[in-house]
Amino acid sequence: MLSVDEQMRIITSGAAKIVPEADLRKKLEKGEPLNIKLGVDPTSPDLHLGHAVPLRKMRQFQDLGHNVTLIIGNGTALIGDPSGKNSTRPQLSQEQIEANAETYVSQAMKILDPEKTTIVHNGDWILSMDLAGLLQVCSKFTVARILERDDFTKRYQSQTPIALHEFLYPVMQAFDSVQIKADVEMGGTDQLFNLLAGRELMEKMGMEPQIALTMPLLEGTDGVRKMSKSYGNYVGLTDDANDMFGKVMSIPDELMVKYYRLASTLSVAEIDQLEADLKADKLHPDKVKRALARNIVAAYHDEAAAEQAEADFD
């Protein structure tokens, strides 16, 4: 296993926030593999490079010798994550959730090492919870604490309805961390409240609290808005090789290094060197972007498909 300093350099590369960073260093100094948690609600069957950002960081943790637990939120998806939403999410059926989960896992395993990935479903403990158990967990949080959440605050102030079941979402996500004894929980920057709720619940239940690690949201091919299917600026993980290559080539030059950090398979050292060479005008941006497009296509298809996609692009 690499030294703590070397691990911290890799873990912090591209990360938005680590709360608290000093505690992560202390956990690493113990020299034991950490349990890294990522929870995903299978609300859609189609993943894009933006969804893959936390999965790429999880893969880095795996390569450093740590354990990762991917939680399929077949329980929390019944509630619907209110993060960044200004209205109540429509509730999915159990059948929709299970079908989406199957697709999600097959796509996620193109990034994660299947041999080193533990997959669990939070419906196993959430859907079997009785009222007494639910009340015990809910009693650890106050309504004022839940209303501190930015999207709830905005909806409350604008008198936009908040359904009572939505309050349960951060509570149940926090309970996931208790169940699997997470050392680090990952998510996008919009997930920070949920991740900190996990820290709070673990502490109140006499456990060592998890570290919250957030990853930035990846801008789409337009270079402005976050990558989203609804904006039409996404690179889908199941796009064919030619489409994938062309879409990556269309991103603005100033986003290339960010895409390398958040979406490529290059090592942190390689990306640091590439960024330095670009700043020193030692590399031509077109050459760097082509290498990025080939890397991403090869990650989801193979090297031959990447070479052919570049030839077809030309």
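User: Taking contact as heavy atoms within 4.5 Å, which residues in helix 6 meet which in helix 9?

Analyst: Leu134, Val137 and Cys138 in helix 6 meet Leu168, Val171, Met172 and Phe175 in helix 9. That contact divides into 7 nonpolar residues, no polar and no charged, where nonpolar covers Ala, Val, Leu, Ile, Met, Phe, Trp, Tyr, Cys and Pro, charged covers Asp, Glu, Lys and Arg, and polar covers the others, Gly among them. Helices (H or I, at least four residues) and strands (E, at least two) are DSSP runs, numbered from the N terminus.

User: What kind of model is it, and how are residues numbered?

Analyst: This is a predicted model, in which local features need pLDDT of at least 70 and side-chain atom pairs count only at pLDDT 80 or more, while totals for chains, interfaces and linings use all residues. Residues are numbered from 1 along each chain as its sequence is written, and side-chain values use heavy atoms, with hydrogens and water left out.

User: Back to helix 6 and helix 9. At what angle do the axes cross?

Analyst: Roughly 95°, with the axes of helix 6 (residues 131-138) and helix 9 (residues 168-180) coming within 10 Å. Axes are lines fitted to C-alpha atoms, for helices over the stretch in contact, and angles run from 0 to 180 degrees between N-to-C directions. Helix 6 and helix 9 are therefore roughly perpendicular (65 to 115 degrees; under 35 is roughly parallel, over 145 roughly antiparallel, and the rest oblique).

User: And how do helix 12 and helix 14 pack?

Analyst: Helix 12 (residues 256-263) packs on helix 14 (residues 285-300) at about 25°, with the axes 10 Å apart. The pair is therefore roughly parallel.

User: Which residues make that contact?

Analyst: Met256, Tyr259, Tyr260 and Ala263 in helix 12 meet Pro285, Val288, Lys289, Ala291, Leu292 and Ile296 in helix 14. These divide into 9 nonpolar, no polar and 1 charged.

User: Different topic. Which residues of helix 11 are buried?

Analyst: Ala241, Met244, Phe245, Val248 and Met249, in a helix that runs over residues 241-249. Buried means under 20% relative accessible area, exposed over 50%, and partly exposed in between (1.4 Å probe, protein chains only). Seen down the axis of helix 11, the buried residues fall within an arc of 130°, so they line one face of the helix; the arc is that of the directions from the helix axis to the C-beta atoms.

User: Why would residues three or four places apart point the same way?

Analyst: An α-helix has 3.6 residues a turn, so residues at that spacing point the same way.

User: What do the buried residues of helix 11 pack against?

Analyst: Helix 14 and helix 15 (303-313).

User: Which residues are buried in helix 1?

Analyst: Val4, Gln7, Met8, Ile10 and Ile11 are the buried ones in helix 1 (residues 4-12). They cover an arc of only 165° around the axis, which puts them on the same side of helix 1. Their packing partners are strand 1 (17-19), helix 2 (21-29), helix 3 (49-63), strand 6 (211-215) and helix 13 (268-279).

User: What follows helix 1?

Analyst: Gly14, with a positive phi near 85°.

User: Which non-glycine residues have a positive phi?

Analyst: Gln159 is one, with phi about 60°, and Lys181 is another, at about 55°. Gln159 is in the loop between helix 8 (150-157) and helix 9, and Lys181 is in the loop between helix 9 and strand 5 (184-188).

User: Are those two buried or exposed?

Analyst: Gln159 counts as exposed, at 73% relative accessibility. Lys181 is exposed too, with a relative accessible area of 57%.

User: Where is the cis peptide bond at Pro20?

Analyst: The cis bond joins Val19 and Pro20, with omega about -15°. Pro20 sits in the loop between strand 1 and helix 2.

User: What about Pro33: which residues does it touch?

Analyst: Not counting residues up to four places away in sequence, Pro33 touches Gly65, His66 and Asn67. Pro33 is in the loop between helix 2 and strand 2 (35-40) and is partly exposed, with a relative accessible area of 44%.

Note on methods. Contact means heavy atoms within 4.5 Å.
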